[in-house]
Amino acid sequence: MTRLTGGVIDHETALRFTFNGKTYSGRKGDTLASALLANGVQLVGRSFKYHRPRGVLSAGSEEPNALVTLRGGAREEPNTRATVTELFDGLVARSQNHVGPLHRDVMAVNDLLSPLFASGFYYKTFMWPRAFWEKLYEPLIRHAAGLGRLSGEADPDAYDKGFLHCDLLVIGGGAAGLAAALAAGRAGVKVILADEDFQFGGRLLAETHQLDGMPATSWVTAVMAELSGLENVRLMPRTTVFGAYDHGIYGAVERVSDHVSAADGEVRQTLWRITAKRSVLAAGATERHIPFPNNDRPGIMLAGAMRAYANRWAASPTRHPSDPVIIFTNNDDGHRTATDLLAKGVPVTAVVDPRDDAPTFGAYELITGVVDDTKGRLGLTSVRVTQNGQSRWMPCGALGVSGGWNPNVHLSSHHRSKPVWDEALLAFVPGKDLPNGMIVAGAAVGQGTTAKALRSGMEAAVSSLAALGISAERIDLPDADDTAAAQTAFWHVSRKGRAWVDFQNDVTVKDIVLAHQENMRPVEHLKRWTTLGMATDQGKTSNISALAVMAELTGKSLPETGTTIFRPPYTGVTLSVLGGGDTGKHFRPTRYTPTHQWSASQGATFVEVGAWLRAQYFVQPGETHWRQSVDREVLAVRRGVGLCDVTTLGKIDVQGPDAAEFLNRIYCNMMGTLAVGRVRYGLMLREDGHAYDDGTCARLSENHFVVTTTTANAALVYRNMEFARQCLWPDLNVSLISTTDAWAQIAVAGPNSRTLLSRVVDGFDLSNEVFPFMACAELTVCGGLRARLFRISFSGELAYEIAVPARYGNALMERLAQVGADLGATPYGTEALGVMRIEKGHAAGSELNGQTTAQMLSLGRMVSEKKDSIGAVMSRREGLAQDKRRLVGFRPVDKSEAIVAGSHLFTQGETRNTTTDQGWITSAAYSPHVGSSIAIGFLEEGDARMGEVVIAANPLEGREVRVEVVSPHFVDPEGGRLRD
Amino acid sequence: MLIPHPLLGLRDAQEFTYLGDASLLNRPDASSPDAAVAFYDYVYLRDNPAGVHRELWFHEQGDRSWLIVTRNTLTHEILNAELAFKSAVKSEVLA
Amino acid sequence: MTDLMAITALGAVAPYEFQIGGLVIRENTELALASLSLGRGQGAPTILGTSMPDVGQWQAGPEVSAFWTAPNQWFIEGQGRAHEDFAAIVKAAAPDCAVTEQTDGWVAFDVYSNDGFKPLEGLLEKLVNIDLDGFEVGTALRTGLHHMSVYLIRRSDTHVTIMGMRTFAAALCHALESTAVRLR
């Protein structure tokens, strides 16, 4: 055990957890990383490519090495950073990326073969022989790639999403963030304070600085107490703001219950969309390391992280309490780790600093030089220190490395703002053109001393509120340290041997040299060629060091070299939380028809039609194939009477003195002349002249029409009609509203439909004289229920559609079936509906596919020449007007053959290519009426080719059918049935 | 993005459906002799500026108003938003 | 009176009701609705004593209530009148306006809190992307909820009505219930 005293953990509350099957004890307030360190565990994983033993590098979300798999079974979660995993009782963790036990990884042979695996080796090695790629190389690479493995099981946890709005979003709860939140909170505005950590305070928890002569943690506690008491402040710990989007919108993930044992049904994470009028980015800074040979051994960590483990988590970085610690730093801040560790009783033997003028702050040996090699296969045992050309090996149980600090500019750059180089800070700081309303404060903008962080945070809040016209008072800030840490631009140790730059992707200085040799010099090329800065950590600890090496090689300055583009997310976001809480059948909402329950009771099989669930066919006892059901339903309609819910068709109420004129302009055919109490078929064109929707239009009174649309286009037609009303013809006095859901509409079709309806209407005269084909009326049914009746037919039979308030739809359907039993009343679904409309040659979605014109549909004469309407002018242009394809019908010459929709049509004996293509089959079905497969489709000069036999070719399935061109009206071509 | 709806204030762009260039408001006169050419331009030829663009948005999950939104396509800055409805009685209270 | 039996938007005989924590979600099947649009040049009418509210507002009245839905358009509400010909009643009161029956076009869920607005806020922030600070008593608005279109009306400090398209009732109900459950 290397647990120290103090810190901000609860020493009284022990938490048991297992790592690679072994049980350990941690403390409440620990992360998995701090708990492992406190148990003397340095080796926590294997590296990506070379399978090098690795330990904890950092104390935050920038961690490249300490990636573990948490939990098990379906809850198994790979690639989790131990450094941000809040410890809980019963936590189960395993290391990753090794074959065999962690300390004896078989794949470590890769390390010996490292010369073969230099960057770019994929591109060079796996080129030949070509045939090997799919069979050998790719499976091999896929097997080797990645770190953790997915469980392959469905995620059992619940996720949620939500939306928050605030005046000020403060991102980061360290010194700057707390000062900003406090200033804004006291001003009474709506504040959200989010931090990825489970405890607010940021570096204040990790340092020994005093505020007003007291430990900084006391100030944090007091501030948090005040903020918690403010109604207008929402505290969001464990919440990572991962992306800055347009107009002050931020994406954030709150880890609601990742820190407790999973309970069924409890929300694990919530995805928040935060709309903030202003934001303060106080994301702090990330320490960078110094590449030197063999700098990746377990026990080598960032000096600031080492300090955080000692101060906040009371954990020593060594395996044994007596192991000596050495610090290698190019700046004063690294020395602070030495003094803090010494104060905790950790034996720090030396600080190695390349600066000639390096100061000494405590009782340790100061060596002016560098660390240039290390030993200790599974954990650091010694380091080689070189001073004035003299090298010596020094025993060392843990090495803290500091190469300076990089402001966390990420979110400030999500809108492509380029960070700018600050020569004094030796770091990139946020540049111009930040996301709307964002001010960066504290270490994230290079204001890294405690005093500066506090002040800049407060000032950022005051400025943010001033921009909103709110005057916020400046708050009293505690006295704090304001000593800037001196540093030097010392980027890496040039010695023979592999010096890691990017630990996670196993990218070394040599790889960058190679990239330079291969002319992969621009940073974006460097990244993709070497994989530097990719994967879970996105190079947070490595990018700047790599840029410095590349700058050195190219002889350019760092600012000239530039950075890669920062994109969301800041840290990894699980796909589950992006998917949200609604999965499976709840992934998208379902619309049910008003007669759904009755349909289900009648044995309906349902089919998805857009969001709708519609009855497809009704299986009766003894039917073993869907075709039996459909054929029966079709014949029942043609011989007796059928019932079908057609509520899904869009219904738009059009009212006003100019309604008739408006509809004239919407439909290509004349609609304004429609008589009251009559219905007319209408075709709508797009402005480019192609047909896009059709339906009926009923005139209920002089100034009141009801337009029906196809099911699929209901929303689109409404949108387009509103466009016409508001944008094209605002002078027309007309109003529109959708009324699709208000009415349950049932098609009553077949020779017995009139008789059936006469049994439910309240004394309404249904005779052909009074209520002929294409009549409509408002009436009452079943003893006073308001209804609308339309005599329209999709099936070609005598037919009606009756509409009643939706809540009565189910009961009306039931009633019609009941009172029509002796007439053969039969429910039918979309499948029979489709068969009958093909038999009748009616166009539907397959014919109105956006590529066809009124002429092709043989409706060319409908496009009125007497008026302007949407699409009319363009429909007359040459290319469309001369299109000779026409909608015709087809029958197989051999009645036993089936025509397949989508088949292309060719003249017999003609070679088949795109130039000889004669058209295509749009819809096909088995017609029980005809007794064979039938189809409709578009054929060149089709109307002039009746009786000709053409080929319907289906090259996808290697089939073809000889088909005869016939009229598309297979049933009652004269239309006598629907008019009688 | 947030769209500053002239009646309803800032509303999330997710409530809106996008159509395109506001020149679609200027539908040509079908009776003019050059109607064919004018409609060809109207339907197919649009400017696609990198910069300030007047465009049409429909508040589908809202009050069903068509808006003309002036937006800088490079920065997404929204300079103006107005109701496209421009009737003779536009000056009346729309509420 | 018809002898056909009406069912709720969820296909049941009785209205849906669900209680969890401090929230009650109750389907309001007795709410009659009709839309009313002004023709060109018309002034806003008063319907059975209720004047038409301003943009984004809901107006309670003695017999009917009304909320703004679009420029020159409102929904008129008649609590307890779902079985009447409500559109005809509204049309009689405003014969020059375009009136459309909407009662069965929508499902209305009343959500009540027994502990001030806070629990409602907790529910709504998980469902709709609106600034709840501006969602004061008397506000009515339309927005998206789980890819559906809904009207929200803040009727009192502790009562919000969420109206969705009737055929989406099951999906809307699931969204409300599952979200309320996840608030635990």
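Modeller: Before we start: two residues are in contact if their C-beta atoms, placed from the backbone, lie within 7 Å. Helices (H or I, at least four residues) and strands (E, at least two) are DSSP runs, numbered from the N terminus. This is a predicted model, where local features need pLDDT of at least 70, side-chain atom pairs count only at pLDDT 80 or more, and totals for chains, interfaces and linings use all residues. Residues are numbered from 1 along each chain as its sequence is written, with chains lettered from A and ligands numbered from 1 in the order written.

Colleague: Okay, which strand of chain A does H16 run at about 120° to?

Modeller: Helix H16 of chain A covers residues 626-639 and lies across E34, E40 and E44 of chain A. Angles here run from 0 to 180 degrees between N-to-C directions, with axes fitted to C-alpha atoms, for helices over the stretch in contact. The strand at about 120° is E34(A).

Colleague: And which strands stand at the edges of that open sheet?

Modeller: The order is E41-E42-E43-E40-E34-E44 in chain A, with mixed pairing; strands pair if DSSP finds at least two bridges between them. Each edge strand has a single partner, so one side of each is left without a neighbour in the sheet. Those are E41 (776-781) and E44 (825-827) of chain A.

Colleague: How many bridges join E40 to E43 in chain A?

Modeller: These two strands run antiparallel, and A:Ala744 stands opposite A:Val804 in E43(A). The bridge count is seven.

Colleague: Which element gives the most to the side of chain C that touches chain A?

Modeller: There, 39 residues of chain C are in contact with 44 of chain A. Strands E3 and E9 of chain C are among the elements giving two or more residues. With five residues, the top one is H3(C).
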